[in-house]
Amino acid sequence: MNSQELLPFVSSFNRARIMVIGDLMVDEYIWGSVSRISPEAPVPVVSVTSESLRLGGAGNVVNNIHTLGGKVVLGGVVGNDEMGRKVVQDLYKMGVDPRGVVVEADWITTVKTRIIASHQQVVRYDREIVRTIRPEALRRILGLLEEELPRLDAVLVSDYGKGVVCDELVEQVRSRVLGAGKILTVDPKVKNFPLFRKVTVITPNHHEAAQAAGRWIQSEEDLLAVGRQLLQQLDARSVLITRGERGMTLFEDNGEITHIPTMAKEVYDVTGAGDTAIAVLTLAMAVGANPKEAAILSNYAAGIVVQELGTATVKAEELEDAVRNGIRSKVRKPLSRG
C-alpha cells in the first residue's frame, strides 16, 4: 500500500464524531534530577524542579481525538475531589461537553503519579479505589449515548479496569451501537475480555492478548495462534495486537493477517501510546478507512508519541508529515510542564 493514499483520511478527521466511554483519570508528573543516593536506603534522591497534570486513561483518548480535529463526546465517572474537578475543567477548556462525566461523591478520581528524573521514570504510584459504577451513573452515560447515537460515527470503549466498563454497560453499548450500524472499538483490560464480543475492532497489547488466550507468545507461530483464537473467541471483525518495538499485527475475520512494523526510530516512553493508537484507528475508520489502512495510520501515530516523555498527543500535521516522510527521530524531550 502506498502510504500517501492514507493522507486524505487524516485531513478528514475533522468530519468524525466519536463517543468515548471509559475510565477517566489524571496522569501526574513530578520532574526532577538525581545527584545522590539516599543515606537512609539504596534509593535515588530526586530534587523536584516542576510538576504537571494531564488527562489520563479515557481522558487521554479524548485529548488525542480532539488534538487531531475530531469531534468527541465523553462518558465516564470522576470523584467529587480536586482531581475530578481538574478533569472537568480541562474538558471545558478543550471545548468537550462534560455532560456525560458523572461526579460520584464516594468515588476517588484515579491519579497515576510518575516521578521522572534524568529522562527516566524512577517510580510510579497510584491512588485509586476500584469499584463498579452505580446504576444512576450508568443510566446517564447510556442516556447520552442514546441521545448522541444518530450523530456518531463510532463509539470507543477505553477500559482501564477501574469500574466504569462493566457487564451491563458493555451489553447495552454493543446492542445500541452495532444495532445502529456504527463502529465499535475497544481498548481492553484482560479481566473484561469475555465482555467484548462482536466488536468492530479490539486492540490488546501482546501481553493482554497472551493472557486472554492463555498462551505465551514466544514466537511468530504463537502470535498467529493467539490472534486467530481471540478473533474466533470474541467473534470480532478485527483484532489488532500491539507489539511494542515489533509494531502491530492485524487479524481480520476475512482471514487476512497483516504485520505492520514499528515506525518509531527511538522509544523513550510508551505511556499513553495505546490511547493514541486506538484514537487514530477509530478516527480513520470513522472517515472511511478499512481496518488495515486505519491500523497503519495508528502505527504511525504511536511511533510519534513514544518518542515523547510522558502522556502525549499527536497533531494532524505531525501525522501527515510522518506518513509522507517516515518518522524522524526527535530530540528527547519531556511534556510541557504546564
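**View 1. Thr200 and the residues it touches.** Not counting residues up to four places away in sequence, Thr200 touches Leu178, Lys182, Ile183, Leu184, Arg237, Ser238 and Met285. Keep in mind for this and every other view that this is a predicted model. Thr200 sits in the loop between strand S9 (183-187) and strand S10 (201-202).

**View 2. Lys198, a residue in the loop between S9 and S10.** We stay in the loop between S9 and S10, where Lys198 is also found. The thing to look at here is the backbone: Lys198 isn't a glycine, yet its phi is positive, at about 70 degrees. For background, most residues other than glycine have a negative phi. As for the surface, Lys198 has a relative accessible area of 41%, so it counts as partly exposed.

**View 3. Asp235, with a positive phi.** Asp235 is not a glycine either, and its phi is positive at about 55 degrees. You'll find Asp235 in the loop that runs between helix H7 (220-234) and strand S11 (238-242). Its relative accessible area comes out at 37%, which means Asp235 is partly exposed.

**View 4. Helices H4 and H5, side by side.** Helix H4 (residues 135-148) packs on helix H5 (residues 167-179) with an angle of about 10 degrees and 11 Å between the axes. That angle is why H4 counts as roughly parallel to H5. On the H4 side, the contact is made by Leu138, Ile141, Leu142, Leu145 and Glu146. H5 brings Glu168, Leu169, Gln172, Val173, Arg176 and Val177 to the contact. Sort the residues of this H4 with H5 contact by class and you get seven nonpolar, one polar and three charged.

**View 5. Helices H9 and H10, crossing.** Here helix H9 (residues 291-305) and helix H10 (residues 316-325) pack at an angle of about 110 degrees, and their axes are 10 Å apart. H9 and H10 are therefore roughly perpendicular to each other. From H9, look for Leu297, Tyr300, Ala301 and Ile304 in the contact. Their partners from H10 are Glu318, Leu319, Ala322 and Val323. By class, the contact of H9 with H10 holds seven nonpolar residues, no polar ones and one charged.

**View 6. Tyr29 and Trp31, an aromatic pair.** The structure has one aromatic pair. It is made by Tyr29 and Trp31, and the pair is stacked, with 5.6 Å from centre to centre and 20 degrees between the planes. Tyr29 and Trp31 are both buried.

**View 7. Lys189 over the ring of Tyr160.** This close-up shows a charge and a ring: Lys189 lies over the face of Tyr160. The distance from the ring centre is 4.8 Å.

**View 8. Gly79 in strand S4.** Gly79 belongs to strand S4 (residues 71-79). With a relative accessibility of 2%, Gly79 counts as buried. Setting aside neighbours within four places in sequence, the residues in contact with Gly79 are Gly84, Val103, Glu104, Trp107 and Thr109. If you go looking for Ser35, zoom out: Gly79 and Ser35 are 44 residues apart in sequence and 38 Å apart in space, C-alpha to C-alpha.

How values were computed. Residues are numbered from 1 along each chain as its sequence is written. This is a predicted model: local features need pLDDT of at least 70, side-chain atom pairs count only at pLDDT 80 or more; totals for chains, interfaces and linings use all residues. Side-chain values use heavy atoms; hydrogens and water are left out. Axes are lines fitted to C-alpha atoms, for helices over the stretch in contact, and angles run from 0 to 180 degrees between N-to-C directions. Helices (H or I, at least four residues) and strands (E, at least two) are DSSP runs, numbered from the N terminus. Angles under 35 degrees count as roughly parallel, over 145 as roughly antiparallel, 65 to 115 as roughly perpendicular and the rest as oblique. Contact means heavy atoms within 4.5 Å. Ala, Val, Leu, Ile, Met, Phe, Trp, Tyr, Cys and Pro count as nonpolar, Asp, Glu, Lys and Arg as charged, and the others, Gly among them, as polar. Rings of Phe, Tyr and Trp (its six-membered ring) pair if their centres lie within 6.5 Å; planes under 30 degrees apart count as stacked, over 60 as edge-to-face and the rest as tilted. Buried means under 20% relative accessible area, exposed over 50%, partly exposed in between (1.4 Å probe, protein chains only). A charge sits over a ring if NZ of Lys or CZ of Arg is within 6 Å of the ring centre and within 35 degrees of the ring normal.
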